Amino acid sequence: KVACCDEFVLALSAGGKLFEYSLINPGQRKFMEVSELKGLKFTDVSGTFFHCFAVTCDGRVLGRGPNDCCQLGLKKDVKSANQFIPIDSLKKFKIQKAFAGCSHSLFLTIEGKVIVCGKNYYGELMLLSGPSREYVYPPVEAAVTGNATFCFAGCCTSFVLVDTEVPANCPNMKIEEFVRSRDFTKSAKKSSLDAIVEEEEVNDETLTEVFDVSIDTNEEITV
């Protein structure tokens with residue numbers, strides 16, 4: 001799985017390691033393992049615009065990036081996190097997937113609940129109270145009825161799939177098609193899609209060919 005932000009791309013390997021490729025440092029033409037996350041094993045990664053999340057095998061969430069709208073799930077006085085740090089406000093939830101939007105975030109629990117935080121100007125947090133000019137912190141449960149199985153968080157937009165199985169390869173896009181749809185030499189602002197391409201295993205040779213970069217690992221990257 002890959003997560004594409006404005007200034008970097010994160011890639012989750014089949015072995016649960018997290019790698020990063022800089023979009024603003026032309027001298028770094030490799031996916032490098034995120035140093036502060038070495039030794040940890042992850043099952044999910046998500047990123048859009050500038051903030052991102054990584055979810056561990058035991059349901060813990062670590063985040064990095066701006067928190068000006070409480071989108072990281074940190075206290076309002078914490079404006080940003082320059083490295084991945086634990087999101088303690090989510091400790092009481094068993095998170096299986098994270099979905100980073102523009103200025104808000106969604107988290108899917110193993111029980112099928114949706115936990116939300118951040119900006120809610122247009123009702124993107126799906127709360128019973130409706131839209132609000134107040135940033136939502138700490139994270140709370142969204143008013144989603146039924147068993148949530150998948151979410152999407154975009155620019156002031158959220159979608160939740162309930163009471164149904166998640167289609168294989170959702171969205172149905174091959175990694176080559178995904179790469180062609182994105183311009184990795186420019187800002188990702190033109191397309192804020194958090195790419196989620198399931199069940200595609202890409203090895204070192206394929207990544208080098210598709211991304212025109214190399215990867216500093218022998219592990220397969222599942223995107």
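User: What makes the order of the open sheet of 4 strands 9-10-11-12?

Analyst: In this predicted model, strands are DSSP runs (E, at least two residues; helices are H or I, at least four), numbered from the N terminus. Two strands pair if DSSP finds at least two bridges between them. Strand 9 and strand 10 (residues 104–109) are joined by 5 bridges and run antiparallel, so they count as a pair by that definition. Within this pair, alanine 98 stands opposite phenylalanine 107. The pairing in the sheet 9-10-11-12 is antiparallel.

User: Why are strand 9 and strand 12 said to stand at the edges?

Analyst: Strand 9 (95–100) and strand 12 (136–141) each have a single partner strand, so one side of each lacks a neighbour in the sheet.

User: Why is strand 6 called largely enclosed?

Analyst: Buried means under 20% relative accessible area, exposed over 50%, and partly exposed in between (1.4 Å probe, protein chains only). In strand 6 (residues 51–56), 6 of the 6 residues are buried, so the rest of the structure largely encloses this strand. His51, Phe53 and Val55 point one way, and Cys52, Ala54 and Thr56 the other.

Analyst: Residues are numbered from 1 along each chain as its sequence is written. Local features need pLDDT of at least 70, side-chain atom pairs count only at pLDDT 80 or more, totals for chains, interfaces and linings use all residues, and side-chain values use heavy atoms, with hydrogens and water left out.
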